[in-house]
Each structure stands twice: as structure tokens, then as C-alpha cells.
Amino acid sequence: MVKICASRADFDWASNHGMSIRRLPLELVNRIAAGEVVERPASAVKELVENALDAGAAIVGIRLSAGGLDLIEVTDDGCGMSAADMSLALERHATSKLPDDHIEAVASFGFRGEALPSIASVARLTLESRMPGADGWRLTIDHGQAADEGPASLPPGTRVRVEGLFDKVPARRKFLRSPRAEYAACLDAVRRLAMARSDVAFSLEHDGRRVLSVQPSDTPTRVAALLDRELERHGLGIDCSRDGLRLSGVVSLPTFNRGMADHQYLFVNHRPVKDRLLVGSLRAAYRDLLARDRHPVAALFVEVPGDELDINVHPAKTEVRFRDPAAVRGLIVGGLRAALDEAGHRSAAREQFAQPAAWQVEPVRHPGEGDARGFGSSALQFHEAPAFAGATIVAEARALFDQAPAAKAESATEAVPIYPLGVARGQVAATYIVAEAEDGLVIVDQHAAHERLVLERMRRASGGAVARQALLMPEVVELDEPDCDRLEAAAAELAELGLEMERFGPAAMLVRATPAPLGKTDAQALLADLAAELAELGTALSLRDRLDHVAATIACHGSVRAGRVLSVAEMNALLREMEITPHSGQCNHGRPTWVKLAHADIEKLFGRR
Ligand SMILES: Nc1ncnc2c1ncn2[C@@H]1O[C@H](COP(=O)(O)OP(=O)(O)OP(=O)(O)O)[C@@H](O)[C@H]1O
Ligand SMILES: [Mg+2]
């Protein structure tokens, strides 16, 4: 995979700039986004870890008790502070990170000189620090009051302990959630920073238990270690640039998806940020590859020139403002789309499925003895695969085997030509094609596969023009005026995809021809979907990208439904087309279109191995 992260030297803020803390001039203080910095334990954890990273740490250790409510301790091996600087660090608006008043150009996480004094005002905070070659010093502040100080013995670096956060601030305590929930938020904060800086080692301990420990590595490896090891196999490395912007990171293959959009991380100039732009861009990039309620895993790093970005818009610095958000969105959608296209028909679920461990043979049950039905005397079952898309296949496979066998048997005596997806042997439940390949048994979901093929056909044709099928009687479709405006504005694009129409009064369109690959089509439904699609895409995407999306919407209207009986020739034609079609491993919703059971796996099922 691509190596994404720069080396530690690029971030070594402390040694590049020399740490000398100063009080910020008032004029600058007033420009800094004001607001509550510490809302919950996770915000304190974030601030302390950011300080450790800004100090050039190579190793950051974090210990928490009771979700950080009882104790937060962050230890680093960074540059340390002198005793004088330690006192200054606890004053408001004293920072070493803005040597020249340029908030816009700041490369460190911190720049406001707010975090330590804010935390120290709502907890008991002990700061211990030692610079290389000097002695260590310790300073305790109890709810804003100096409580204790003296020599400390520690290795070079800094250790900050925060005890009893918000104990004396009932108003704040009220808004805290359970220690479990607070712990989860702390973990998320550490994860984000550990992804941002894969060149630094991190460990996290909660209530005496080690919950995270990562060594320096490249970014894809780090992301996989923090989110899901399987990403190493089912992830795609991203690395592209456009107009001075750079995008790198990892995203999951469409078949490796989740029910929640919780594993989606965005970093801008190596700073973890939360931005709706990510959600929208991911949705657009995976649009025809995933169902609306399934979500990819993503950790994306955007690098933009400093003057394209305002980081000083949020007190906790978790939001940024782009000067040109459309350009960033275009970069993400375009970059991911290109990578996904290249990934072709790889499908994560297929591989999991083919593992014999996913199959289980139940003891023989006789009629009347429970509900086992299906193949002969033994019922095949699948373990619930732990992975994302797995559940869908399990459900579909169950449906398959629950049906009484209704296959049209084909003679299996002829030699099997070498086709990756094999030769059709029959159809089950008028929904699944069973094929024999040289190395195993292939089952294809005909509806999912066909939908995909229609889309890819449209997409290929959209380089030239898709054939149109003229309607005998032009059809009037009534829609909202804004919808009609959108369709009218896109009429030329849509004509290339075989859809010919014109405006017909303020709130109607007249459809003259529909795309030929679709066959008979419900023009009303098609136009309504297209209008919605165009509204969502807006004008941020290039014509090319928009055509792609629109083609997907059209394809959904034209696929062979499950339940259609196919001839053997039709089945074989489908298999052959799948073999040469990009993305044919998954349907437009991210489910696999086919699965294979290797001969060796079949032998294991029957105890022959
Ligand atoms: N772990 C650390 N190692 C070395 N110096 C530190 C450490 N933590 C804090 N400091 C010093 O203390 C100063 C104040 O830290 P604090 O987090 O309050 O503000 P900041 O990081 O400058 O800005 P921000 O409020 O945006 O985080 C820092 O500028 C830095 O010089
Ligand atoms: Mg800070």
C-alpha cells in the first residue's frame, strides 16, 4: 500500500521552532475562537495528547479510570518544559506555538494557550516535566489554585495527571454520561489522533486494562490496527492530487461495509476534523455501490495549502472552513471513484464466504423433527459471519436453501471449459444461478448481477451514446417545478444516456425516448428518481461524475427481477458478461453478486478431508 504519512521530523514542532512560552498579545487573544474547551473527559484527553504530539513525542501513553472522570494521565517523551515555563503554561493565553502571530500558518495542534489552564480550573491537575539534561519539576493546581510544587523524578518528557474532573462543577457533571460512554468518547479521541500520527507509538489503558497499543507504522497499517484488521485485506489505498490539493488514506471495498457511519474519519492537514463534507462525499463516491443504509469505512487525509483553510473557527479546533469546499469534495469523490473503479470486481464478502469455517453441517433431522428442510437429509447452515456484508449473504443463502429445490438440472457430463464463473447447471428458486467452475461451485444472484451489468453497460456506452427507444406515444410526466428545472438543465446529459425529453409547461416533462438497455420503463418513477439524484449531486461534480451517478439511477430501473426463469443460454450469457465487466463482484448496493464454494471446501463439508 502507499506510504502516506510523512516522517516524524515533519511534525517535530518543538525542535523546529524552539519551545518558549509567551503571553499572547490581547489583539491576538481576541481573534481566537472563544468557547468552552473542556466539555467532557474526552476533550481533556484530546488536548493533552495534542500537547504531547506538539512537544515532539515519539511515545504517548494514556491512562484513564472511570471513563476519565476519576483520572486522566498522559505521559510523553517530548521536549519537556523548564520549571518557569511550567508555571507560564498554566496561565491563560500563554503559548509557545504562535511565535509570530500567524494563526493561519500554524502547523501545531495547539495555538491558543487555553487547554491546560482550562483543565486546571475544573480539576486537580499535576504537571510533571523534565527537559533532557535538566532536573524534573512538579506543579499541582487544584481548581485554578496553586496547591503544591517540588522536584520530580521522571524520564525526559512530560506527565500530566488530571483527577476528579468536574467534581466541583455540578453544572458540568450533570451533562456527563456514564463512565462507559465517556470512555468510548475518550477512545475515539485517541483513535483519531493515533490515525493522524501513525509515526508515533500510542498506548491506552482503561481501569488497569490495556485497550490499545500501536507501534509506529504507515498510515494504512495504523488505520487497520485501530479500526479493523480485516481492512488490510479489504481496504483500498488512496493517493491522488488535483489543483494543489492532495488526498490520501484508506477506504473499504464496497462489500466491506457497516450499518453505521461511525468508522469514517477525516483529517485536514493532519488534524482530525468533523465535517459534513466527508459524509456527503463518501455517499457520492459509493453511490451506486452501496445501499443507502450501509456505510463504508474510511480514513481520509486531505492536504491543502494553509491559505485555503481556516482552522480557527471552533473552540476545540475540530472543525475547519475550506475556502473552496467544492474543490475538496470533487477531489474526494473523484479520487475514491477512480480507486474503486480500479479495484474492479474484487469483493470482500466473496472471500469470507468461501472459507469453510463459514459452513456448518447440522446433524440429520427427519421430517417432523423440527424445521430442517432443504437439501436431502442434512440442512446446511451458515454461521453468522462476523463481518459486515456477511449478514446479507447469510440471509440470502438461507432463503436459497429454505426453498424446495426447483432447479432445472443440466447434464454435468460434458467437460467444464475454463471460465472463472463456470458453466450454468441450473437455476434455483428462479433467483439463483448455480454454475460449475473448474475449481468449485458458483452461486450467482441473478438480480443483483444483472442490475450491475446494466449499469456497467450504460456506463460504457456513456462514452458514446446509449441507444434510445422511442415511445410510440410521448409520455407526459408531472413533477415539481424545481425538479423540472433540474431535468431540463440536464437534458443534454440525459440524452446521451438514451433519455430524450423536453419541458412541457411549468410542472411537466414530455418523454419521447427511454434508454434502450432498460426495456420497458416506468417513465414517471425514473424521472422522479433522476430529479432527486440531480438535486443531491448539485453542481459540485464534473459532468463525467454526474453521468456516472445518473447512469446508476437509470440502471436500477432496468434490471431483471429475481423470480424470472432464465434459459441455460441466458444464464451462461450472464456469467460470461460478468467475467468481463468491471465491478461485477458486487451489486449497486454493495452486496456480492456471486459466491464460490471451492472443491476443497465441499470435501471438508462431507468430512472427506
Ligand atoms: N506535554 C507537553 N510537553 C511540553 N510542553 C507542553 C506540554 N503541554 C503543554 N506544553 C506547553 O504549555 C503551553 C500551554 O499548553 P496549552 O495546551 O494550554 O496551550 P497550547 O497547546 O499552546 O494551545 P491550545 O490551547 O490551543 O492547546 C504550550 O504552548 C506548550 O509550550
Ligand atoms: Mg494545547
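In the predicted model, the side chain of K596 places a polar atom 3.3 Å from the backbone oxygen of P420. A polar contact also joins the side chain of K596 to the side chain of D439, at 3.0 Å. K596 belongs to strand β28, which spans residues 594-598. With a relative accessibility of 15%, K596 counts as buried, because the cut-off for this class is under 20% relative accessible area. A further arrangement involving a charged side chain concerns R576, which lies over the face of Y419 at 3.5 Å from the ring centre.

The shell around ligand 1 contains 22 residues, of which T95, S96, K97, R112 and K317 come nearest. Sorted by class, this shell has 10 nonpolar residues, 6 polar residues and 6 charged residues. Three elements of secondary structure each supply at least two residues of the shell, namely α4 (41-54), β4 (94-95) and α6 (115-121). The greatest contribution to the shell comes from α6, with 3 residues.

An oxygen atom of ligand 1 is placed 2.5 Å from an N or O atom in the side chain of T95. For N51, the distance between an N or O atom of the side chain and an oxygen atom of ligand 1 is 2.8 Å. In the case of L116, the backbone provides the N or O atom, which lies 2.8 Å from an oxygen atom of ligand 1. Ligand 1 taken alone exposes 590 Å², and the protein buries 99% of that area.

Aromatic pairing was then considered. The count comes to 1 aromatic pair. The ring centres of F267 and F301 are 4.5 Å apart and the ring planes stand at 10 degrees, so the pair is stacked, because planes under 30 degrees apart fall in that class. Distant parts of the chain are linked by this pair, since F267 lies in strand β14 (residues 264-268) and F301 in strand β17 (residues 298-303), 34 residues apart. Both members of the pair, F267 and F301, are buried. For F267, the relative accessible area is 0%.

Most residues other than glycine have a negative phi. F166, which is not a glycine, has a positive phi of about 65 degrees. This residue, F166, is found in the loop between β8 (157-163) and α7 (170-173), and F166 counts as buried at 1% relative accessibility. A positive phi, near 45 degrees, is also found at N269, again a residue other than glycine. N269 lies in the loop between β14 and β15 (271-273). At 31% relative accessibility, N269 counts as partly exposed, because that class covers values between the 20% limit for buried and the 50% limit for exposed.

The buried residues of α9 are T219, P220, R222, V223, A224, L226 and L227.

In the loop between β25 (468-478) and α16 (481-489) lies L479, which is buried with a relative accessible area of 12%. The C-alpha atom of L479 is 5.4 Å from that of A507, and the two residues are 28 residues apart in sequence. L499 occupies the loop between α17 (491-496) and β26 (500-503). With a relative accessibility of 0%, L499 counts as buried. A C-alpha separation of 5.4 Å is found between L499 and P515, which are 16 residues apart along the chain.

Note on methods
Residues numbered from 1 in each chain as written. Chains lettered and ligands numbered in written order. Predicted model: local features only at pLDDT ≥ 70, side-chain atom pairs only at ≥ 80, totals over all residues. Heavy atoms only, no water. Near = heavy atom within 4 Å. Polar contact = N/O pair within 3.5 Å; in protein donor to acceptor, adjacent residues only side chain to side chain. Areas by Shrake-Rupley, 256 points an atom, 1.4 Å probe, with all protein chains shown as cover. Helix = DSSP H or I, 4+ residues; strand = E, 2+ residues; numbered from the N terminus. Nonpolar A, V, L, I, M, F, W, Y, C, P; charged D, E, K, R; others polar. Phe/Tyr/Trp six-rings, centres within 6.5 Å; stacked < 30°, edge-to-face > 60°. Buried < 20%, exposed > 50% of the residue type's maximum accessible area, 1.4 Å probe, protein only. Lys NZ or Arg CZ within 6 Å of the ring centre and 35° of its normal.
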